[in-house]
Amino acid sequence: MIVSVASGKGGTGKTTVAVNLALALEDSVLVDFLDCDVEEPNAHLFLHPVLETSESASESVTLPVPVIDESKCSGCGICAEVCAFHAILSFGNRAITFPELCHGCGGCARFCPEGAITEAAREIGVVEAGWVGAPAAGVPRPAAEAGAVRGIGFIHGRVNIGTALAPPVVKAVRSKAAPANGVVIIDSPPGTSCPVVASVKGSDYCILVTEPTPFGLNDLMLAVDMVRELGIPFGVVINRAGLGDDKVAAFCRQENIPVLLEIPFDRRFAASYARGGQLVRDFPELGDALRGLWRQIRAAAGPLPEEEETLR
Amino acid sequence: MKELLVMSGKGGTGKTSIVGAFAVLADCKVLADCDVDAADLHLLLSPTVRIAEEFRAGQQAVLDPAKCVGAGKCSASAVCAEACRFGAIGLPSQAGSGAGSALGAGLPHIDPVSCEGCGVCARTCPHGAISMEDVVSGHWFVSDTAYGPMVHARLGVAQENSGKLVTQVRREARSIAEKQGLGYIITDGPPGIGCPVISSMSGVDLALIVTEPTVAGTHDMQRAVELARHFGVKPAVCINKYDLDEAGAKQIEQYCSSEGVQIAGKVPFDEEVVGAVVRGVPVVTRDGSHRAEGKAAQAIRRLWANVESELAS
């Protein structure tokens, strides 16, 4: 089962909920954690994964961008006309590329009548993988031994500074998800546009984290529109409850959206978070609350494809 | 004319509350909300919309079922799906049975969310069955507020092109500032360091990075500083809620001093900031029963004074 954690507004507590949900579940389910906030990944600051150093565990995410062979280019300008992203400019009898604007669609190379365009890989980010709770890098996941202590599989991505295109890096992180018979928890970026859609799409359930303020409510409404558009079942976690007003709760009632959990505003939580603490370790009652949330989600998501398989 | 971008890397550090306060404190300015996929500044400034425009950017592939011969009969076995690099074209057989089976007779399906509008499928289709149509990917607005003109926008649900919408908002703000002879453009930036942030940043005079003393806030601020430098924009830092972890705030100060980044201000945690958001007014507003000014409001006044002199230099 894939559970994504999203929010319209930034800083409402997505990472807090995602990280602590993973920690609350690790003793009962196989957990993979995917940090898809590739512009500003933060989950590793709380989970302290041991990242694997082998080549298969850390990979560069690249886009195929055009390389023009000037000796073959006739300056016909078809490549510039084909490019929907203005990444090729044609003037005189030359073509100039702007790789930072290229989406890697391959249109220019495909339609160049002179065969003057080939594609080269341009790195836009990296994906790293590792384990939380593994004794050392390179050691296989503890959960592989039946009945042994389970660890959390950890994968995150990071776009290179100055790179505008986050979605391909998000997709590279997502491609590592192996839900088999456990749970994949996805920490998504804030907002409602393409990097968020790339993170949330295809998940079985989405947790929207908000705060009880007019900002939180406004951005929750946008996020609700997004998950409805994507057709994903969802519920809301109200973080810092008690700090603002009660309009978020009223909105959820009116829209029939389940409020899965309210986490009260508490300076002790804020202090633990500030230092990179794991709330479920510092405040065990929160672990119970998150396991309760998990049971609600499991009930709401219905039987999963992999379970239906076993039933048959 | 000077352009100030208020940004953060990490979301929720207080950008919008600070921009809302600057709206009150700065003379002769236009405000621009460039957080186009989760805009909030209007909730503090209560704008009256004067102009509302559709924003068209990018295109989307649309299949004409009358012209498409179907995946199984296509002269080159559904060339559109083979050509699409974004996995936006699904074939009928893939929905039901397993891989390797013959293509069904049905039509390919174009997923509008995955389509990036490159147009390769339309150019490749041997039957001319795919056309590219303009997409309304959002709206932008020019409004009046009690504090001056404001340009803001709303990106459509699950839409792309937030960077281009940001560029449109900034273009409009600049034109208003030029026409009215305004001294400042004050921009509320989006979180992150990706496409809309880069579009918000090009050519501004100062990037004020609002951070908080948490491990995540500090980590993200460092990436924001690197981004500003990458684009040749001068960064300055504001430590918001600095008293929630004074040791963490010290670390931010040390980082900034070692990197030569100015700390433009430190703002204490103050529930009055949340109170102002709930009332829907900037935190430096004195209204009704809120005559006394809290410690955060006072700190933000000092922050603006520093930012103003930095912009003047």
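Predicted model: local features only at pLDDT ≥ 70, side-chain atom pairs only at ≥ 80, totals over all residues.
User: How far does helix 11 of chain A reach from its first C-alpha to its last?

Analyst: Helix 11 of chain A covers residues 284–301, which is 18 residues. At 1.5 Å a residue, 26 Å is expected. The reach is close to that, at 26 Å.

User: Is Asp288(A) buried, partly exposed or exposed?

Analyst: Asp288(A) lies in helix 11 of chain A, three residues from Arg291(A), about one turn of the helix. Their side chains meet in a salt bridge, 2.9 Å from N to O. Exposed needs over 50% relative accessible area. Asp288(A) has 49% relative accessibility, so the residue counts as partly exposed.

User: Which residues of helix 11 of chain A are buried?

Analyst: Buried means under 20% relative accessible area. Arg291(A), at 29%, is partly exposed. The buried residues are Leu286(A), Gly287(A), Leu290(A), Gly292(A), Leu293(A), Trp294(A) and Ile297(A).

User: How much area do chain A and chain B bury between them?

Analyst: The contact takes 58 residues from chain A and 59 residues from chain B. Glu40(A), Ile161(A) and Phe215(A) supply 15% of the area that chain A buries against chain B, more than any other three residues. Carbon and sulfur atoms hold 59% of the area buried between the chains. The total is about 4,900 Å².

User: Which element of chain A gives the most to the side that touches chain B?

Analyst: The chains share 21 residue pairs in polar contact. Elements giving two or more residues to that side of chain A include strand 8 (152–159), helix 6 (194–200) and helix 7 (214–230). With nine residues, the top contributor is helix 7 of chain A.

User: Which residue of chain B meets Arg275(A) in a salt bridge?

Analyst: Arg275(A) sits in the loop between helix 9 and helix 10 of chain A, and the pair crosses between chains. The N to O distance is 3.5 Å. The partner is Asp245(B).

User: How many residues apart are Lys10(B) and Glu212(B)?

Analyst: The side chains of Lys10(B) and Glu212(B) meet in a salt bridge at 4.0 Å, N to O. Lys10(B) is buried at 10% relative accessible area, and Glu212(B) is buried at 7%. The pair links distant parts of chain B, 202 residues apart.

Key. Residues numbered from 1 in each chain as written. Chains lettered and ligands numbered in written order. Heavy atoms only, no water. Contact = heavy atoms within 4.5 Å. Buried area = accessible area lost by both parts, 1.4 Å probe. Polar contact = N/O pair within 3.5 Å; in protein donor to acceptor, adjacent residues only side chain to side chain. Helix = DSSP H or I, 4+ residues; strand = E, 2+ residues; numbered from the N terminus. Expected span 1.5 Å × (residues − 1). Buried < 20%, exposed > 50% of the residue type's maximum accessible area, 1.4 Å probe, protein only.
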